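The briefing below is meant to be read beside the sequence and the coordinates.

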Amino acid sequence: MSMAVEQALTWLQDLKFPTAIRESDWLFPTIETVHVLALVLVVGSIMTVDLRLLGIAQRERPFSEIAAEMLPWTWTAFLVAAAAGLMLFSSKALVYYANVPFRLKMCCLLLAGINMAMFHWLGTRHIEAWDRAQPPRRAKLAGGTSLLLWTAIVATGRWIGFTT
Amino acid sequence: MIQQFCDWLSRTDISVAFQSANWFVPLVQTVHIIAIAILLTTVYVIGFRLIGISRSVQPLARLAARSAPWIWTALSVLLVSGILLTVTEPARELLNWVFRIKMLLVLILAGALWIVQTRTRRDLTYWSESPARRRAARAVGVGFIIIGAGIVTAGRWIAYV
């Protein structure tokens, strides 16, 4: 770990609120509960869209209708999960930063974001052609990749708890 | 009694085998959490639809019918993965009062889901037929949101009490 990173993380975890989380008996599990509650809604809403892309679920509904129904859930829950996650991280920043499952989780999260952005910009072109039918292969690929990455995010997230 | 049962269960070959594989609990928990993700998202979409603050364009009857197989499949996966976790660490679950509250909430939620599904199947406009029915729908919707959050909360706190 470089000196600058170590100093920044030390500064972060020595702030008032991160210190309070670390020293309290109930703050960490409470914030963690909010994180898990938000996370399951993120994962559930994204997987609903992924399963439609793969042609497994809700085939008779237009893709755009399902995406529009799920998107507010995904974004609201993601903001909550990210805010709670940042609080949990800040309480033991040095430990989490060095933790391998944590790093893997952040990589998967980044990849899931890139996958989602690429699908949004490239995969939804000519959507009228398949909105009510089987999605083309590139859309299925995006759905399958997303499904795998979010499974990995849950798995690595759970793994953090067994290694810190 | 329960204590003795936990002692016996934790010494069975199957429990010992699960305990000795340190990847087993996190793996089963991952499956458990993904099934919760499917269940809770479905329950919350139905709950918001019952309350009437959803942007969903599909009619409640269709939403309920479409969700049914996902709800019961997710609940079955949760039951199996939950049993595996309990067999691995019986005392952690069975002697824990938070675990008992969680099981109670799960039973209430499963019962409420079954009632909503059967009512809606028999009578497609059941929840919008009268002001009283619409009030009932809102109450059930709010109940879904609160009980769903309660189950996740209890689930996480099993590890801390």
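In this predicted model, N96(B) touches A91(B), I158(B) and V161(B), when residues up to four places away in sequence are not counted. N96(B) sits in the loop between α5 (90-94) and α6 (97-122) of chain B, and with a relative accessible area of 5% this residue is buried, because buried here stands for values under 20%.

**Interface of chain A and chain B**

- The contact involves 31 residues of chain A and 26 residues of chain B, and the two chains bury about 2500 Å² between them, with 76% of that area on carbon and sulfur atoms.
- On the side of chain A, the residues that lose the most area to chain B are V40(A), W73(A) and R158(A), which together account for 22% of what that side buries.
- The rule finds seven residue pairs in polar contact across the interface, with both residues of each pair at pLDDT 80 or more.
- Three helices of chain A, namely α3 (27-53), α4 (63-91) and α8 (137-163), each supply at least two residues of the side that touches chain B, and α3(A) gives the most, with 15 residues.
- Sorted by class, the side of chain A that touches chain B consists of 18 nonpolar, seven polar and six charged residues.

**Nonpolar cores**

- As a general background, nonpolar side chains in soluble globular proteins tend to be buried together.
- The largest nonpolar core has 64 residues, and those with the most contacts inside it are F63(A), W150(A), L40(B), Y44(B) and F144(B).
- Helix α3 (residues 24-51) of chain B contributes the largest share of this core, 13 residues.
- Once its neighbours within four places in sequence are left aside, L40(B) is in contact with L37(A), V40(A) and L41(A) from chain A, and with G148(B) and V152(B) from chain B.

**Salt bridges between the chains**

- Over all chains the structure holds eight salt bridges, and the rule finds two salt bridges across the interface of chain A and chain B.
- E32(A) forms a salt bridge with R156(B), with the closest N and O atoms 2.8 Å apart; this pair runs from helix α3 of chain A to helix α7 (residues 131-157) of chain B.
- E32(A) is buried, with a relative accessible area of 12%, and R156(B) is likewise buried, with a relative accessible area of 12%.
- R66(B) forms a salt bridge with E60(A), in which the closest N and O atoms are 2.3 Å apart.

**Salt bridges within a chain**

- In chain B, E93(B) forms a salt bridge with R92(B), the closest N and O atoms being 3.1 Å apart; E93(B) is buried at a relative accessible area of 5%, whereas R92(B) is partly exposed at 28%.
- In chain A, the side chains of R22(A) and D14(A) meet in a salt bridge with an N to O distance of 4.0 Å; R22(A) is partly exposed, with a relative accessible area of 35%, and D14(A) also counts as partly exposed, at 48% relative accessibility.
- R61(A), E65(A) and E69(A) are linked in a network of salt bridges.

Definitions and conventions:
Residues numbered from 1 in each chain as written. Chains lettered and ligands numbered in written order. Predicted model: local features only at pLDDT ≥ 70, side-chain atom pairs only at ≥ 80, totals over all residues. Heavy atoms only, no water. Contact = heavy atoms within 4.5 Å. Buried area = accessible area lost by both parts, 1.4 Å probe. Polar contact = N/O pair within 3.5 Å; in protein donor to acceptor, adjacent residues only side chain to side chain. Helix = DSSP H or I, 4+ residues; strand = E, 2+ residues; numbered from the N terminus. Nonpolar A, V, L, I, M, F, W, Y, C, P; charged D, E, K, R; others polar. Core = buried A, V, L, I, M, F, W, Y, C linked by side-chain atoms within 4.5 Å. Buried < 20%, exposed > 50% of the residue type's maximum accessible area, 1.4 Å probe, protein only.
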